[in-house]
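Thanks for coming. I will go through one structure, starting with the overall fold and ending with a few single residues.

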Amino acid sequence: GIREVDGALEIGATTSFSEIRRSAAVRDSFPSLAAAASVVGGWQIQNRATLGGNMANASPAGDSLPVLLALDAIVVAASVQGTREIPYAEFHTGYRKTALRPGEIVAWVRLPYLPQGSVQAFRKVGTREAQAISKVVVAMTGRIEDGRIADLRLAAGSVAPIPVRLRAAEGEARGVAPAEAADRAGREAAREVTPIDDVRSTAEYRRFALERVVRRLVLGMRR
């Protein structure tokens, strides 16, 4: 289920992607997550696949994972000992590995509401429009003040063993107007990732696509 709490939206681990993409609360406050939910497999998969499953599976190509990272989500894990909170930035510890302890499960995810004026964006690059595993997937949140980028969080998947924050790219963009920041952030993003060649794509193409996607998302902040 999905519920509004003080200063945040909480989504249960077994909430399906169909529920997430249809939720008015998610679409209003976290459109990037709604966008990611709409491209997980096809509609049949979205009816069965869950947010908690996508997270615990821990594939670096998971469509929702960069979104949760860019939104500074908090994972609430549960066991017979009780519950504990894990910042999403610390949840993925290695390829298909998580910070869950033996006996723990993902119970729900808390998404803190963003400041007024924040913008969000999501982009998945795949072979097809549906039923495609990501070649590159990027999520962004940010805010502009006085024509310059005051805050920016960029996260990417399918370009490293785990979903990663593009911190060098973020740093290049802060305090700069979007038109100039877009080029800077795109170039830096391509430098700071460690993609691989596999059956879906090449490392070279992933870097190329990541640079273009980051550039486009940052440029879109000025609208």
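Of the 223 residues in the protein, 50% are buried, where buried means under 20% relative accessible area, exposed means over 50%, and partly exposed lies in between, with a 1.4 Å probe and protein chains only. This is a predicted model, in which local features need pLDDT of at least 70 and side-chain atom pairs count only at pLDDT 80 or more, while totals for chains, interfaces and linings use all residues. Residues are numbered from 1 along each chain as its sequence is written, and side-chain values use heavy atoms, with hydrogens and water left out.

First, the overall shape. The protein has a radius of gyration of 17 Å, which agrees with the value near 17 Å for a compact globule of 223 residues. That radius is taken over C-alpha atoms, and the globule rule is 2.2 Å times the number of residues to the power 0.38. Along the principal axes, the C-alpha atoms fill a box of roughly 50 × 40 × 30 Å. The accessible surface is about 10700 Å², and 48% of this belongs to carbon and sulfur atoms; the areas come from the Shrake-Rupley method with a 1.4 Å probe, and for residues only the protein chains shown count as cover.

The protein contains 9 helices and 11 strands. These are DSSP runs numbered from the N terminus, helices being H or I with at least four residues and strands E with at least two. Among contacts between residues at least 6 apart in sequence, 59% join residues at least 24 apart, a contact being heavy atoms within 4.5 Å.

Now the pockets. A pocket is an open set of points on a 1 Å grid over the protein atoms alone, where a 1.4 Å probe fits, with protein on both sides within 12 Å along at least five of seven lines; lining residues have an atom within 4 Å of a point. The largest pocket has a volume of about 270 Å³. It is lined by 19 residues, and Val 40, Gly 41, Asn 54, Asp 63 and Ile 133 are the closest to its centre. Helix H5 (residues 51-57) gives the largest share of that lining, 3 residues. By type, the lining has 7 nonpolar, 9 polar and 3 charged residues.

The second largest pocket holds about 220 Å³ of space. Among its 16 lining residues, Pro 60, Tyr 95, Ile 196, Asp 198 and Arg 200 are the closest to the centre.

Two serines next. Ser 16 sits in the loop between strand E2 (8-12) and helix H1 (17-22), and it counts as buried because its relative accessibility is 8%. Leaving out residues up to four places away in sequence, Ser 16 touches Gln 46, Asn 47, Ala 49 and Thr 50. Ser 158 lies in the loop between strand E10 (148-157) and strand E11 (164-165), and is buried, with a relative accessible area of 8%. With residues up to four places away again not counted, the residues it touches include Pro 60, Ser 134 and Arg 200.

Is Val 199 buried or exposed? At 86% relative accessibility, Val 199 counts as exposed. Its place is in the loop between helix H8 (178-192) and helix H9 (203-219).

Last, His 92 lies in strand E5 (residues 92-94) and is buried, with a relative accessible area of 8%.

How values were computed:
Points joined across faces, edges and corners; volume = space filled by probe spheres on them. Nonpolar A, V, L, I, M, F, W, Y, C, P; charged D, E, K, R; others polar.
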